[in-house]
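Dear colleague,

I am passing on the structure we spoke about, and I would be glad if you could read the notes below alongside it.

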Amino acid sequence: MSKKRLIQGNEACAHAALYAGCNFYAGYPITPSSEVMEILSYEMPKLGRTFIQMEDEIASISAIIGAAWGGAKTLTATSGPGFSLMQEGIGYASITETPCVIVNCQRWGPSTGQPTKGAQGDVMQSIWGTHGDHAIIVVTASTVRDAFDMTVKSFNFAQQYRVPVVLLMDEVLAHMRENIDWPEPGDIDVIDAKRPADVKTYKPFANDEFLPFGQGARYHITGLAHGAEGFAVSDEAAARELTRMVGKVQNHVRDLALHDRYMLDDAELAIISYGITSRPAQSAVDLLRAQGIRAGLLSLKTLWPFPDFLIDEVAERVDTIVVPELNMGQLVREIGRAANGRSQVIPVSRIDGHLLTPAQIADAAVAPFATSAGKTLGKVVRS
Amino acid sequence: MSNTLKDPIQIRFSGAGGQGLITAGVILAEAAMMDGRNVVQTQTYGPEARLGSSRAEVIISKGTIAYPEVTLPDVLLCMSAEAAKKYGGKCTPDTVVIFDSTNIGPEFTSPGRVFRLPITETAIKVGTKVVANSVALCVLNTLVPVVPRETLAAAIAARVPSKFRELNQRAGEAGEQLAAGLMTTTA
């Protein structure tokens with residue numbers, strides 16, 4: 001039986017990075033992500049791994065890309081303002097197919113905003129923050145144990161698909177403490193990138209095989225559009241390469257679409273949420289069920305590539321989909337697109353720096369019933 | 001006091017930054033975990049390192065805890081007038097409300113069951129106001145026995161630096177006596 005520990009979301013993330021074999025961290029501290037860096041600053045030297053405090057976030061993302069090509073498993077952690085600075089580097093990581101992990105503990109924005117208040121305002125920035133079409137994977141976590149598991153899975157995805165992976169946390173989860181069963185080595189799979197069978201014929205941008213510098217192959221790395229050997233291409237070749245890169249994640253959406261379901265099998269009303277908002281959403285399902293409304297929850301852990309097929313399954317069966325978010329409505333746009341008119345999609349926003357409550361989500365869910373003819377369920381009683 | 005503890009039980013610590021309320025929340029959460037229960041501890045604070053308003057919350061249950069924040073507290077501790085003003089009204093008639101009377105005047109009221117105790121003053125008598133959080137924790141746990149008293153004492157000892165262990169132990173005992181005295185006088 002594994003040991004129980006009371007730990008913070010950020011602590012879970014830092015220790016999970018070590019569990020996944022992260023041996024290079026470069027970062028610049030920023031609330032509410034700083035504990036990830038603080039913990040790694042004293043844990044990594046003990047293990048003979050490399051920790052560097054950089055001068056800023058542009059240097060941080062650059063360092064983890066370079067170190068990845070040096071053969072390290074790399075991480076940086078930041079929050080909104082730093083994440084914005086990293087965007088050019090994230091694009092470079094994507095086009096150079098560099099496995100690396102970026103943890104973003106979201107805070108209220110834009111700009112300095114409210115450093116100690118949680119938000120989910122960086123969903124679109126995580127997916128589309130860097131310019132051009134590109135391959136990226138975006139995942140979330142909603143519990144402290146989840147923060148551990150999803151950090152390990154972020155490293156796995158980065159290695160398997162050779163892409164930057166963004167793990168979206170938020171201030172509430174980052175600083176929240178929960179008792180968790182501490183994972184022992186072997187409890188969670190740790191996956192490393194495939195190495196080429198033949199070093200002599202290795203082409204660094206032909207497939208997911210990854211051979212870092214200095215291990216017997218000669219190649220070129222550039223942010224320019226490039227072919228299999230890393231040298232610049234244009235026209236149809238550029239289109240072909242971009243299609244291949246984006247396809248690396250889009251063609252594996254079913255393998256990547258991590259999610260949880262709660263009371264969804266017989267649901268007539270679905271809540272679709274992600275990250276910390278899945279916590280009040282689950283309680284809202286209980287509130288609605290207590291009122292005799294068959295509610296269910298689809299909690300998305302992977303936000304990108306967007307799992308259309310999961311939304312399809314829900315939209316085929318329910319009349320109403322409620323999407324709670326700590327922003328003015330970001331992922332609800334993707335969900336609405338995927339539902340494609342089959343269900344009424346209702347956004348529920350909260351942007352005052354506090355978590356949505358179960359009652360707020362439940363109230364929003366019953367509001368359309370209250371106005372439809374012959375069915376007046378009224379407001380959910382607050383417990 | 002009720003002998004049956006609510007499950008889940010929702011506890012809110014409120015006051016000013018620097019009073020050690022987040023530490024108090026973490027200690028109570030650790031004690032509850034040592035007692036074999038599930039816990040979630042959250043916090044809300046401003047950008048300031050000291051002063052400004054600070055809030056820590058702990059939810060304890062034998063079952064799983066989905067929503068991690070307190071909706072309406074079963075126990076509310078207020079350590080500053082600002083906290084009493086902000087949170088004093090956000091409770092039920094059954095909520096056990098603890099006001100630190102060193103910092104909160106009689107003009108502050110609450111619909112809950114209010115206990116007014118000189119927590120910070122007691123800490124100063126023990127040695128320093130820095131241990132007001134240990135006094136408060138043991139006041140709270142005496143009025144509402146959330147965890148066994150020995151478990152709380154062990155959790156406090158485990159969290160504070162060794163050279164302050166004895167000081168915090170005395171602070172905790174002073175808190176227990178403070179609450180026990182009130183319980184006999186109001187019984």
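In this predicted model, domain 1 of chain A and domain 2 of chain A bury about 2000 Å² between them, and 57% of that area lies on carbon and sulfur atoms. On the side of domain 1, A:Gln120, A:Met124 and A:Thr140 supply 29% of the area that this domain buries against domain 2 of chain A, which is more than any other three residues give. The bounds, as the domain assignment has them, are 4-181 for domain 1 and 260-371 for domain 2 of chain A, and the C-alpha centres of these two domains lie 27 Å apart. To the contact, domain 1 of chain A brings 29 residues and domain 2 of chain A brings 22 residues.

As for polar interactions across this domain interface, the rule finds 2 salt bridges, and it also finds 15 residue pairs in polar contact, with both residues at pLDDT 80 or more. A salt bridge also joins the side chains of A:Asp146 and A:Lys301, with a distance of 2.7 Å from N to O. The side of domain 1 of chain A that touches domain 2 of chain A draws two or more residues from each of several elements, among them strand 6 (114-118), helix 6 (123-128), strand 7 (137-140) and helix 7 (144-161) of chain A. Sorted by class, the residues on that side of domain 1 of chain A comprise 17 nonpolar, 7 polar and 5 charged.

The other interface is the one that chain B forms with chain A, where 22 residues of chain B are in contact with 25 residues of chain A. Chain B and chain A bury about 1800 Å² between them, with 57% of it on carbon and sulfur atoms. Between these two chains the count of salt bridges is 0, whereas the rule finds 9 residue pairs in polar contact there, both residues being at pLDDT 80 or more.

On the side of chain B that touches chain A, the elements giving two or more residues are helix 1 (21-34) and strand 2 (38-45) of chain B, and strand 2 of chain B provides the largest share, namely 8 residues. That side of chain B has 12 nonpolar, 7 polar and 3 charged residues. Strand 2 of chain B also pairs with strand 9 (residues 177-181) of chain A, in the antiparallel sense and over 2 bridges; within strand 2 of chain B, B:Gln41 is the bridge partner of A:Arg177.

With best regards

Definitions and conventions. Residues numbered from 1 in each chain as written. Chains lettered and ligands numbered in written order. Predicted model: local features only at pLDDT ≥ 70, side-chain atom pairs only at ≥ 80, totals over all residues. Heavy atoms only, no water. Domains from an automatic or database assignment. Contact = heavy atoms within 4.5 Å. Buried area = accessible area lost by both parts, 1.4 Å probe. Salt bridge = Lys/Arg side-chain N within 4 Å of Asp/Glu carboxyl O. Polar contact = N/O pair within 3.5 Å; in protein donor to acceptor, adjacent residues only side chain to side chain. Helix = DSSP H or I, 4+ residues; strand = E, 2+ residues; numbered from the N terminus. Nonpolar A, V, L, I, M, F, W, Y, C, P; charged D, E, K, R; others polar. Pairing = 2+ DSSP bridges.
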